[in-house]
Amino acid sequence: MRSYSQQTYVAPPPPPVAYAAPAVAYGATQNSAQKQSSPWGFAVSAGVESFVGGKFVQAANSAVFDGTVFNAAMPGNAKMYLKGRNFGDIYKPALRTAIEIRHAAGEYSEYFANISYLKAQSKSNVLFGCYELQTALGTCASELRGDATDLKQYAFELGYRQWFAVDGFAGFMPYYAVHGGIVHTDKIHLNMNAGANSLYNCCYYEATNSYTAGGELGVSKRIGSSAEFAAEIGLRYTSKLKGATSTNFDLAGLGSINDNASILSVPVNLRFQSSF
């Protein structure tokens with residue numbers, strides 16, 4: 001019979017800890033339960049943002065006015081018929097870049113703060129409507145065409161991101177994010193012409209501080225112990241810009257064409273994130 005009194009007992013090693021899914025609460029990093037060195041991290045992102053709503057120019061018909069109010073070379077009594085034009089009619093899809101600081105809130109969630117910069121290039125020769133002479137009613141004497149200066153915005157936002165632990169996705173983790181903050185929009189100038197004659201070339205929207213809010217759905221993929229890539233699509237709302245006062249437009253009965261310029265856009269972003 002084997003004697004145990006002469007043997008040294010060696011305890012078996014503890015079983016390895018099993019995790020149901022990689023902890024991406026802190027994006028690329030492991031959380032504290034997985035021996036993460038720090039709950040802090042950063043992210044950088046870039047993407048395109050398409051404008052799907054928000055009236056840059058309200059549809060409106062002017063009162064009869066003296067064309068020389070806008071340009072001494074314009075014929076007298078006339079009316080303007082303006083088509084409604086949203087921001088997507090005026091601007092090409094924008095490029096937005098952002099830098100983000102992140103802090104783990106739980107195993108699959110985080111809080112974040114970011115600053116971002118957006119620039120959208122103006123389209124050229126946009127059709128705004130028609131210039132009608134009162135001596136030829138029902139006839140478009142000249143098309144109203146023009147463009148605007150580029151749209152530039154600077155934003156600061158706070159937000160929350162939540163991942164979902166899903167098996168069978170080959171390491172891909174879906175998530176959602178919500179955020180909101182303040183945004184500064186640079187002054188926007190509008191250039192509008194009736195044929196070869198300039199009708200308006202001045203500030204159309206004042207520099208504006210407003211608020212913005214949005215959300216995204218995305219999926220992320222770990223690329224090591226402390227980093228990951230993500231792709232996301234979302235929806236963003238920016239409250240209305242401050243319309244500049246135009247004496248000429250007021251005289252023509254068009255003073256309200258820039259009074260309701262909130263913006264609705266769809267961002268598509270690529271993101272790289274890591275721990276400190």
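# Close-up views of the predicted model

**Overview of the chain.** The accessible surface of the protein chain comes to about 13800 Å², and carbon and sulfur atoms account for 59% of that area. The model is a predicted one, and its protein chain contains two helices and 16 strands. Of the 276 residues in the protein chain, 43% are buried. Among contacts in the protein chain with a separation of 6 or more, 73% are made by residues 24 or more positions apart.

**View 1. The salt bridge between Glu 110 and Arg 161.** A search of the whole structure finds 11 salt bridges, and one of them is formed by Glu 110 and Arg 161, whose closest N and O atoms are 2.4 Å apart. Glu 110 belongs to strand 7 (residues 109-120) and Arg 161 to strand 10 (residues 151-163), so this pair ties together parts of the chain that are 51 residues apart in sequence. Glu 110 is buried, with a relative accessible area of 0%, and Arg 161 is likewise buried, with a relative accessible area of 1%.

**View 2. The salt bridge between Lys 119 and Asp 150.** In this pair, Lys 119 and Asp 150 form a salt bridge in which the closest N and O atoms are 4.0 Å apart. Lys 119 is placed in strand 7, whereas Asp 150 is in the loop between strand 9 (142-148) and strand 10, so the pair ties together parts that are 31 residues apart in sequence. Lys 119 counts as partly exposed, at 36% relative accessibility, and Asp 150 is also partly exposed, with a relative accessible area of 26%.

View 3. The side chains of Arg 271 and Glu 232 meet in a salt bridge with an N to O distance of 2.7 Å. Because Arg 271 lies in strand 16 (residues 261-275) and Glu 232 in strand 15 (residues 227-241), the pair ties together parts that are 39 residues apart in sequence. Both Arg 271 and Glu 232 are buried. A network of salt bridges links Glu 232 and Arg 271 with Glu 100, Arg 102, Glu 110 and Arg 161, and the Glu 110 and Arg 161 of this network are the residues shown as a pair in View 1.

**View 4. The disulfide between Cys 130 and Cys 140.** One disulfide is found in a search of the whole structure, and it joins Cys 130 to Cys 140 with an S to S distance of 2.1 Å. Cys 130 is in strand 8 (residues 126-133) and Cys 140 is in the loop between strand 8 and strand 9, so the pair ties together parts that are 10 residues apart in sequence.

**View 5. The cysteines Cys 202 and Cys 203.** Cys 202 is in no disulfide, and the nearest cysteine sulfur, which belongs to Cys 203, is 6.2 Å away. Seen from the other residue, the sulfur of Cys 203 has its closest cysteine sulfur in Cys 202, and the separation of 6.2 Å is too far for a bond, since a disulfide requires a pair of cysteine sulfur atoms within 2.5 Å. Cys 202 counts as partly exposed, at 39% relative accessibility, whereas Cys 203 counts as buried, at 10% relative accessibility.

**View 6. Strand 8 and the strands that pair with it.** Seven of the eight residues of strand 8 are buried, so this strand is largely enclosed by the rest of the structure. Strand 4 (residues 78-82) and strand 8 run antiparallel and are joined by five bridges, with Gly 129 of strand 8 as the bridge partner of Leu 82. Strand 8 and strand 9 also run antiparallel and are joined by five bridges.

**View 7. Asn 125 in the loop between strand 7 and strand 8.** Asn 125 has a positive phi of about 55 degrees, although this residue is not a glycine. Asn 125 is placed in the loop between strand 7 and strand 8, and at 49% relative accessibility it counts as partly exposed.

Terms used:
Residues numbered from 1 in each chain as written. Predicted model: local features only at pLDDT ≥ 70, side-chain atom pairs only at ≥ 80, totals over all residues. Heavy atoms only, no water. Helix = DSSP H or I, 4+ residues; strand = E, 2+ residues; numbered from the N terminus. Buried < 20%, exposed > 50% of the residue type's maximum accessible area, 1.4 Å probe, protein only. Contact = heavy atoms within 4.5 Å. Areas by Shrake-Rupley, 256 points an atom, 1.4 Å probe, with all protein chains shown as cover. Pairing = 2+ DSSP bridges.
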